[in-house]
Protein chains: 2
Amino acid sequence: MPISKNSIKFIKALRQKKFRQKYNTFVVEGDKMVAELLAQRPSWCKALYALPAWLAQYTAAEQRAWPFAAEVVSSAELERASLLKTPNQALALLEIPAPAALNGLDGRLSLFLDGLQDPGNMGTILRLADWFGISTVICAPNCVDAYNPKAVQSSMGAFLRVGVVTAGLGELLGAFPGLPVYGADMAGDNIFTVRVPPKGLLVIGNEGSGLSPETEQALTRRLSIPKGEGGGAESLNAAVATGIILGVLLHANV
Amino acid sequence: MPISKNSIKFIKALRQKKFRQKYNTFVVEGDKMVAELLAQRPSWCKALYALPAWLAQYTAAEQRAWPFAAEVVSSAELERASLLKTPNQALALLEIPAPAALNGLDGRLSLFLDGLQDPGNMGTILRLADWFGISTVICAPNCVDAYNPKAVQSSMGAFLRVGVVTAGLGELLGAFPGLPVYGADMAGDNIFTVRVPPKGLLVIGNEGSGLSPETEQALTRRLSIPKGEGGGAESLNAAVATGIILGVLLHANV
């Protein structure tokens, strides 16, 4: 049965945050990520459209265990439904996961994203949180949506394992008074030589304007990634800076 | 005088590598990057199209000193010429810089990109080379072009300061026998605890398949970015991994 016009319309609407929120649904595409989804979180999946050859990797018994009926589609149909330039074998619709719980936030290191706007950076940051075992990423309300299709593609499936929640910094500090708040600042302590406990929040700001003044004021420690000799760039990409600080905080800096 | 149809056609053709190479020209767009270009390398600029308000930041004397005549364009014209979704005030055509010289390669740390395919990663890696003062980025012939418009946008102007050259690893090792070659490998030495001199080549592989077998064989040292406890991701983004290894090699690891 070909994929219906209404299904295609529904999938295309999920490009937009308002429809993702209205239907509590987002789109995941591509061989690897959909396979990972089915292996790790089949219950999150509400619909699956896939090429026959791709579906054939699952036995009939495996498919019967899924809480949805997979629909076999042709390449042409997948292309019509896809949000990608180059559709890739499978497309799934997922329930947006419940917001991550905030309890115990003071006992571990979490990321707080403040005005992050680029969906590729959002996904890349979720991916590196996943790599480094950071269980919670908190997004201020002014961030790009973590379930934006480009963010999802860049995350390489991190949303399956990393909890995401929207909250303001004031709210977090109200609930956890005295929470350490680390932020990047060129005038801060050299991340490679300072020793700070990997607990509290690591704050990452907007790609163009950095941290908001309120967040800036709440920092308890400023950390810098020093330039190399002769270094000319004005700044680092937000995801790259996050990776460097996280890696050093967690591994070198203890 | 409105921008001619031929100029627009010429600019659009520069999306493609074959035309960039044929005309030895690439496109740089946006307020910040074009301003930086005019401040640092005006002689590289062959043509400039800009909104009147943007051009007005330069005095008539400053404009006369440029080796090209700036053309004033309307927003609508800039939009027609631009390779960006959201054109931004100025667009310049630049001569592709001469390939970086390879002399002294054995006395410093350089990046060798092997099959890097994503233009955003290419630009982000040039930007972080710029930050860390890495003067030479060597691209194997199988890499995405460093002058691809998306790479240029992501580089934030790094191409103004970082030398790029295309060469194969065999050629480099022929010219510099015994050159240390570092590469990322999950089974390698922990980058946060091993001590290695920041000299030679740091090799970054393809986003999906990693290093080619020939490059893999040429590594003199394998370095790993260990996962955190409970870390789930299969890999890190190529630019993020480059940033972490470079930062640690240059700053913590000496």
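The side chains of Lys32(B) and Glu234(A) form a salt bridge with an N to O distance of 2.9 Å, a salt bridge being a side-chain nitrogen of Lys or Arg within 4 Å of a carboxyl oxygen of Asp or Glu. The pair crosses between chains, from helix α3 (residues 31-40) of chain B to the loop between β10 (221-224) and α11 (238-252) of chain A. The model is predicted: local features need pLDDT of at least 70, side-chain atom pairs count only at pLDDT 80 or more, and totals for chains, interfaces and linings use all residues. Residues are numbered from 1 along each chain as its sequence is written, chains are lettered from A and ligands numbered from 1 in the order in which they are written, and side-chain values use heavy atoms, with hydrogens and water left out.

**Relation of the two chains**

**The interface**

- Chain B gives 34 residues to the contact and chain A gives 34 residues, where contact means heavy atoms within 4.5 Å.
- About 2900 Å² is buried between chain B and chain A, 64% of it on carbon and sulfur atoms; buried area is the accessible area (1.4 Å probe) that two parts lose on being put together, summed over both.
- Arg127(B), Trp131(B) and Phe192(B) supply 26% of the area that chain B buries against chain A, more than any other three residues.
- Across the interface, 18 residue pairs are in polar contact, both residues at pLDDT 80 or more. A polar contact is a pair of N or O atoms within 3.5 Å; within protein, one must be able to donate a hydrogen and the other to accept it, and residues adjacent in sequence count only if both atoms are side-chain atoms.
- On the side of chain B that touches chain A, the elements giving two or more residues are α7 (119-132) and α11 (238-252) of chain B.
- The largest share of that side, eight residues, comes from α11(B).

**Salt bridges between the chains**

- Two salt bridges are counted between chain B and chain A.
- Glu234(B) and Lys32(A) meet through their side chains in a salt bridge (2.9 Å, N to O).
- Lys32(B) and Glu234(A) are both exposed (buried means under 20% relative accessible area, exposed over 50%, partly exposed in between, with a 1.4 Å probe and protein chains only).

**Salt bridges within a chain**

- Over all chains, the structure holds 14 salt bridges.
- In chain A, the closest N and O atoms of the salt bridge between Glu36(A) and Arg161(A) are 3.2 Å apart.
- Glu36(A) lies in helix α3 (residues 31-40) and Arg161(A) in the loop between α8 (149-155) and β7 (163-166) of chain A, so the pair ties together parts 125 residues apart in sequence.
- Arg161(A) is partly exposed, with a relative accessible area of 23%.
- A network of salt bridges links Glu36(A), Asp130(A) and Arg161(A).
- In chain B, Asp145(B) forms a salt bridge with Arg20(B), their closest N and O atoms being 2.8 Å apart.
- Asp145(B) is buried, with a relative accessible area of 15%, and Arg20(B) also counts as buried, at 2% relative accessibility.

Conventions: Helices (H or I, at least four residues) and strands (E, at least two) are DSSP runs, numbered from the N terminus.
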